[in-house]
Amino acid sequence: EKMRHVSDAIREGAAGFLSTQYSGIFKLASCALVGLFVMYSFRTPPKNLPGVSSNSIALCVALSFALGSTLSGLSGYAGMWVSV
């Protein structure tokens, strides 16, 4: 009974921590995503890819960053709940 009470308190603290951390990280990652897209949009496309525009490269980079950020967040979330 007492152990369950302590476990529930730890789980509640972990949920609060994740919520606070991930909301801040989401805002930062969103700014970085927009920044990456804008920077790659104005960059000249590489010479070895003649049919590729700057906007398509920017979109691929932004989507790759978003996917990586999402998967990183999910692994952190899973790791936290496995440890608790």
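Select Ala32, which is partly exposed at a relative accessible area of 30%; buried means under 20% relative accessible area, exposed over 50% and partly exposed in between, with a 1.4 Å probe and protein chains only. The model is predicted, so local features require pLDDT of at least 70 and side-chain atom pairs count only at pLDDT 80 or more, while totals for chains, interfaces and linings use all residues. Residues are numbered from 1 along each chain as its sequence is written, and side-chain values use heavy atoms, with hydrogens and water left out.

Ala32 belongs to helix H1; helices here are DSSP runs of H or I with at least four residues, numbered from the N terminus.

Next, select residues 2-41, the whole of H1. This helix has 40 residues and reaches 58 Å from its first C-alpha to its last, close to the 58 Å expected, where the expected span is 1.5 Å times one less than the number of residues. Within H1, colour the buried residues, namely Ala14, Leu18, Leu36 and Ser41. Their cover includes helix H2, residues 54-83.

Is Ser54 buried or exposed? Ser54 is buried, because its relative accessible area is 14%. Neighbours within four places in sequence being left aside, Ser54 is in contact (heavy atoms within 4.5 Å) with Tyr40, Ser41, Arg43, Thr44 and Pro45.

For the largest pocket, select Ile25, Phe26, Ala29, Ser69 and Thr70, which lie nearest its centre among 13 lining residues. A pocket is defined on a 1 Å grid over the protein atoms alone as an open set of points where a 1.4 Å probe fits, with protein on both sides within 12 Å along at least five of seven lines; lining residues have an atom within 4 Å of a point. Its volume is about 320 Å³, counted as the space filled by probe spheres set on the points. H1 and H2 each supply at least two residues of the lining, and H2 gives the most, with 7 residues. The lining divides into 8 nonpolar, 5 polar and no charged residues.

Finally, display the cysteines Cys31 and Cys60. Cys31 counts as exposed at 56% relative accessibility, and Cys60 is exposed at 52%. How many disulfides does a search of the whole structure find? The search finds 0 disulfides, a disulfide being a pair of cysteine sulfur atoms within 2.5 Å.

How values were computed:
Nonpolar A, V, L, I, M, F, W, Y, C, P; charged D, E, K, R; others polar.
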